[in-house]
Amino acid sequence: MAKRVTKKRKSSPTRNSGSKSAATMLPRERADYSAIVDRPPLKLPSGARIIFWTIVNLEVWDIGKPMARQVLAPPTGETHLPDVPNWSWHEYGMRVGFWRLRKVFKELGISPTCTLNARVCETYPAVVKTCIDDGWELNAHGYDQVPMHEADDQRGVIMKSMDIIEKFSGKRPRGWFGPGLTQTFDTLDYLSEAGVEYIGDWVLDDEPVTLKTTHKPVVALPYNFEIHDIVLMALQHHTSDIMYVRAKDQFDWLYAEAVERPKVMAIACHPYLSGVPHRIGHVKRTFEELLARDGVVAWSGDKILDWYLAQRQ
């Protein structure tokens, strides 16, 4: 019998809802305010001006739960489980869209950061093996696509996610993106304890920012929420060419500013969005044109982290 979902369940204060304890730091307490104009500029090697950071998100959508996104609204206005149409929309990305994106990246010589739910190693092992064989950096993205606020044991989920990816790949992830970019007040402390060195969930700066935790510091790398296929396509519902248009506008401005100080430009892709036939050509054109400019380097998250730490030590 189909299960009806009429309202998204809210987290209770006892279930990682983000209620602040006396020992918990607020986000503002983790990073001292620093105006970008007051800092000495970072330096890139060999006259480079812009770091191009490509992120590919690989996820598992559990058919027994509400889907992370919906392309097709339910005809009655109420979501019913199982939500097969929207589950299959995402599944297309793993069966077909991923392989289109991979072909584009291979042709352009890009080795992106792959942020993945650890459950992808169990459900789509051939995809993860291909990423490893192609030299992509593996970055953790929770166990499956469920907000951190919904975890009964957030620390346990983080440790489990890191351990599964490490066991599958032979290397512990250095970076993390929260599922849906979600964090509670305590997430950063659990991440640091688990060995995470950088995150992409905070978009507070054009340059890496060192964040305080109860363990080792964690670096927030420059990410953005607007050159991002979920925002552009699934939320703002733009036409397929908008990735190229907006990315070029962003790049041109950063490129001009990079005369004075280097910049990092991130673009996020999901196979079920960027990997479909009516978008992939625009995605390819975006990467081709921007990477062809002088002084542009395509780096993974771990390479950006090492570059920043070497200058801040």
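# Exercises on a predicted model

The protein exposes about 14900 Å², and carbon and sulfur atoms supply 54% of that area. The model is a predicted one. Work through each task, then check the solution.

## Exercise 1: Overall form

Task: Decide whether the radius of gyration agrees or disagrees with that of a compact globule.

Solution: 
- Start with the chain length. The protein has 313 residues, so a compact globule would have a radius of gyration near 20 Å.
- Now take the model's value. The protein has 19 Å, which agrees.
- Along the principal axes, the C-alpha atoms fill roughly 65 × 50 × 35 Å.
- Look at burial. Of the 313 residues, 51% count as buried.
- Residues 24 or more positions apart account for 73% of them.
- Finish with the secondary structure. It comes to 11 helices and 11 strands.

## Exercise 2: A strand and its partners

Task: Find which strands pair with β4, in which sense, and whether its faces are covered or open.

Solution: 
- Locate β4. It covers residues 113-116.
- Take one partner. Strand β2 (residues 50-58) pairs with β4 in the parallel sense, over four bridges. Here Asn57 stands opposite Thr115.
- Take another partner. Strand β5 (residues 137-140) runs parallel to β4, and four bridges join them. Here Thr113 stands opposite Glu137.
- Recall a rule. In a regular strand, side chains alternate between the two faces of the sheet.
- Apply it. Thr113 and Thr115 are on one side of β4, and Cys114 and Leu116 are on the other.
- Check burial. All four are buried, and both faces are covered.

## Exercise 3: The nonpolar core

Task: Name the residues that touch the most other members of the largest nonpolar core, and trace the contacts of Leu58.

Solution: 
- Size the core. The largest one has 67 residues.
- Pick out the best connected. Leu58, Leu116, Ile199, Met265 and Ile267 touch the most other members.
- Follow Leu58. Leave aside its neighbours within four places in sequence. Its contacts then include Met94, Phe98, Cys114, Leu116, Val127 and Pro271.
- Note a separate group. Another core of 19 residues lies apart, with Ile51, Ile55, Leu221 and Trp299 among its members.

## Exercise 4: Loop residues

Task: Say where Ser46, His237 and His270 lie, and whether each is buried or exposed.

Solution: 
- Ser46 lies in the loop between α1 (27-30) and β2. Its phi is near 55 degrees, a positive value in a residue other than glycine. Its relative accessible area is 82%, so Ser46 is exposed.
- His237 is in the loop between α7 (229-235) and α8 (242-257). Its phi is also positive, about 55 degrees, although it is not a glycine. At 59% relative accessible area, His237 is exposed.
- His270 sits in the loop between β10 (263-269) and α9 (271-274). Its relative accessible area is 2%, so His270 is buried. Beyond four places in sequence, it touches residues including Asn57, Glu59, His228 and Asp229.

Key
Residues numbered from 1 in each chain as written. Predicted model: local features only at pLDDT ≥ 70, side-chain atom pairs only at ≥ 80, totals over all residues. Heavy atoms only, no water. Buried < 20%, exposed > 50% of the residue type's maximum accessible area, 1.4 Å probe, protein only. Helix = DSSP H or I, 4+ residues; strand = E, 2+ residues; numbered from the N terminus. Pairing = 2+ DSSP bridges. Core = buried A, V, L, I, M, F, W, Y, C linked by side-chain atoms within 4.5 Å. Contact = heavy atoms within 4.5 Å. Rg over C-alpha atoms; globule rule 2.2 N^0.38 Å. Areas by Shrake-Rupley, 256 points an atom, 1.4 Å probe, with all protein chains shown as cover.
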